[in-house]
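I want to look up a few things here and jot them down as I go.

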Amino acid sequence: MFILKLILRNAFRHRLRALLTITGVAIAITAFGLLHTLVGLWYLGVERSSATRLVTRNAISLTFSLPISYYDRIRQLPGVKSVAYGNWFGGTYIDEKHFFANEAFELKSLLELYPEFVVLPEQRDALLRDRRGCLVGKKLADKYGWKIGDPITLKGTIFPGQWEFVLRAIYQGAEKSTEERVLFFHWDYLNETLKKTVPRRADQAGFYMIGINRPEQAAEVAGAVDALFSNSLAETRTETEKAFQLGFVAMTEAIMIAIQIVSYVVIVIIMVVAANTMAMTARERLGEYATMKVMGFKWHHIAGAVFGESLFIALLGGVTGVLLTFPAGQWIETELAQFFPAFVISRETILMQLTAAALVGIVAGLFPTWRGATIRIADGLRRIG
Amino acid sequence: MAIPISYSFRNLWTRRLTTALTATGMALVVFVFAATLMLAEGLQKTLVETGSPDNVIVIRSGSQSEVQSGVERLQASIVESRPEVALGAAGRPLLAKELVVLINLNKRGSNKPANVVIRGIGDNSLAIRPQVRLKEGRMPRPGSAEILAGESIARRFEGAGIGEHLRFAMRDWTVVGIFDAGTTGFSSEIWGDVDQLMQSFRRPVYSSVTFKLRDPAAFDTLKQQLESDPRLTVEAKRETRYYLDQSEAMARFLRILGLTLTIIFSLGAIIGAMITMYAAVANRVTEIGTLRALGFQRGSILAAFVLEALFLGLLGGIVGVFAASFMQLITISTMNWQSFAELAFSFSLTPGIVIKSLLFAIIMGLAGGILPAFRAARMNIVTALRAT
Amino acid sequence: MTDALTTPLVSVKNLSKAYRRGNQLVPVLEEISFDIASGEFLALMGPSGSGKSTLLNLIAGIDKVDSGTIVIGGIEITTLTEAELASWRAANVGFIFQFYNLIPVLTAFENVELPLLLTGLSRKNRHEHVATVLSLVNLTDRADHYPSELSGGQQQRVAIARAMVTDPAILVADEPTGDLDRVSAGEILSLMGRLVADFGKTVIMVTHDPKAAEKANRMIHLEKGLLVNGDALVNHDLQHVHP
């Protein structure tokens, strides 16, 4: 079609200007994509939650634990399929730079509760047999090159001392989003050691994970658990895994909101730049638009040409930006591994990026299109010469 | 002979829309730049002022914050008996053995809970922290279920205002006073009697021991001795260092994020400035030729266009800083990743930040305008005059 | 005698136009009336500010009158809407500008083709028309050059080809030789004369160059928005011969 030919040639009439604008849009779209992914990562924990798992913890706060004796009573409640218990361990590996999550857990129930952790049967048996055995996610094992049988030492922070484990099992996530960077070890090992060293800290669980039969029972079971222990020395607060993760997220929400706002600001900035470019371009071409009107072209022909050009440049920049997001994400994954060990760009992000680019093109094109379409022929012609 | 400054200035005024748009783009970038610096500054200020360099805080070795730490009564007494501890009135050591735990409280007007620090304080806790003073109400009576709330907590959390009640550890606690700790982290804490709290929470050990140094220079030897004492499993830090470390992860994250964003944004703004200036040059080709024909040197042309770009940058910078100054009205509250506790801090604008931001804006203008200015200066007079 | 002989092609009656400058209304044309017959080569002359370009624009249908009527080929164009005017222009008027007004990103061929895109003609038909008018102005070998690669005279010839390609009855030219050297100007004027003599076009040309006016067969003078004298000059060489 002719108008496409006109748009294409007009877009690159000033090569430098086109290049600069496309580069600007590309940079903005890349930044937008990275920030969007960053925010998405924050909520990843929420995404991974299961509808059939509940978290029970001390009602005061996570810094208080629950007696291990609760286990039997929780297990007997109707609707409860399985119960696991654990403590956040928070040990450091080598030094504080190598951060990964590590927890003491009742491992047999853990594997029942988390079917998305896939472990080879012989590894599972070896793990359950060895009191000092530990279970590690594949991504974490790959990062440090750990193999089955390797010794792993953690320096305790909450539970002081040097803790030695043997890697007995590696789990793979059933889904792409499953967390594979955690180390789990036997709760009994933690407890027995505590009984010997700091007895008053023994026989306590940081939290209970409850697996229920059907998702609809969640509220009912949660209520039942909390009722069971209300007015006791350690009151509980039970909620779905999703609510629990959301609670965490909500605490750092302010920063996330700020980052989201910033990601939109970046789009606004480039919108302003693009609008400026299109406004200048349109102004320079008013004479041409008037000439076309003289020939009999109507306002919608002109509008199509101007708007099309704005959209074209913006989308070109948008696609470039999307393509650049991948190597940028890769760089972040390697250089900033401490903060972002997995920086995966989702399809939704790409869609948002392209939408943003289109929006830039639309907004930037509005005023110039209106100007070009409505310019009075006599006024436009006067601009020539 | 230099081209008068008003030439650059008037050209910006003539193409008002373009000038406004370009300056707006730059203003937005400067806004983000300034806001990020202000945020990091605010965070820094809150946490650093929270401590005093003359105070030492002792926690269990290996624990990263008071919340994770546990100091047994016996060990606390050993520390208390050190000669380096300053003595206050009546010859009592200026030392406080404190308990620090986190509880979930609901914010006013929302269901969103946050982790709030409860600090069990001793007789000397206020004395060693001169930044904190009682603003309203009175101190809790010893042996009672009465507590003090930090100004920020009283304002933002349900049940934490003066006269209100909070329920935790199976008891009802009444807020009998509010303390003002300025912008320090203590404003986000609730204080109560350490013995009452230890009993209610069934914690038999303290979280930390904090005391004032008799001689601030004696810190290093003291630290070395405490940490090598076989009876103790503690580490000692200057209070300022302790709070600095607490914010390190967050501050670093904010700084890296801020820097990355600013670089990206500034690229966008520079591109905007370049496009504008190139167009400005292209539209004034005949004018430039005329000026050269009249006798102005290449350098003057260069200077005139560079000046125009600098003005653009400055304009954007002033607007951006002005807008950023309003951020001071906003308080951010979030969970500190290292201590898991609620922390409230605000944006803090310093003269240094204003200057840095304006400088940044001018440099952006320069970066955007330098190449087009060179193009203008290098033009051939005859070609320029002949252009339509 | 047929109607074409007696009814003028263009009939202007009591035409008035004023421009708003700030708060003031500046009159440009005051109650002008005259006719143009088919096949005339008319030169509109007058000093700067006399309103000749305005008059041209009004006749060509690219500006709106304040009062009065313009009837062209039986159609009262002063009552047409903007959209109707656009369509009318596309079929009935070819415009030639002082600065050629070619689209820089299109080749000579594509520039000439532009007006045809408004018709329903097929690609093949369009290309035939373009080829015809390009050969008419002797630029077939330059068809795929861009305006920046053509001289002033060549560009104006492309512009004339563009004006002719829809075979309009009227050609309107605003200072067509204003930007050309003597030689090129002469070529353009001769070309325009041929369009009248050989193709029966009616040409209305605004100029302040007396030498350009010599090519015309009728002159109208405007001064401060008023006609000075009606028919000042008749060039017998260009008189259209009716069968």
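Which residues of helix H3 (residues 82-92) of chain C are buried? I looked them up in this predicted model and noted Leu85(C), Ala86(C), Arg89(C) and Ala90(C). Viewed down the axis of H3(C), these buried residues fall within an arc of 135°, so they line one face of the helix.

Next I asked what covers the buried residues of H3(C). From chain C, the cover includes helix H2 (52-60) and strand S6 (93-96). Chain A takes part too, with its helix H12 (286-295).

Then I turned to the contact between chains A and B. I found 48 residues from chain B and 40 residues from chain A in it. On the chain B side, the elements that each supply at least two residues are helix H2 (16-50), strand S2 (95-106), strand S3 (113-121), helix H7 (239-283) and strand S11 (331-335). H7(B) gives the most, with 14 residues. I also sorted that side of chain B by class: 27 residues are nonpolar, 18 are polar and three are charged.

Last, I checked confidence. For the complex, the predictor gives an ipTM of 0.85 and a pTM of 0.78. Chain C has a mean pLDDT of 87, with 91% of its residues at 70 or more. I marked residues 232-243 of chain C, where the pLDDT is below 50. This stretch has 17 contacts in the model beyond near neighbours in sequence. A reminder to myself: where pLDDT is low, the predicted coordinates should not be read in detail.

Methods:
Residues are numbered from 1 along each chain as its sequence is written. Chains are lettered from A and ligands numbered from 1 in the order in which they are written. This is a predicted model: local features need pLDDT of at least 70, side-chain atom pairs count only at pLDDT 80 or more; totals for chains, interfaces and linings use all residues. Two residues are in contact if their C-beta atoms, placed from the backbone, lie within 7 Å. Helices (H or I, at least four residues) and strands (E, at least two) are DSSP runs, numbered from the N terminus. Ala, Val, Leu, Ile, Met, Phe, Trp, Tyr, Cys and Pro count as nonpolar, Asp, Glu, Lys and Arg as charged, and the others, Gly among them, as polar. pLDDT is the predictor's confidence in each residue, from 0 to 100. A residue is buried if 20 or more other C-beta atoms lie within 10 Å of its own, exposed if 12 or fewer, and partly exposed in between; C-beta atoms are placed from the backbone. The arc is that of the directions from the helix axis to the C-beta atoms.
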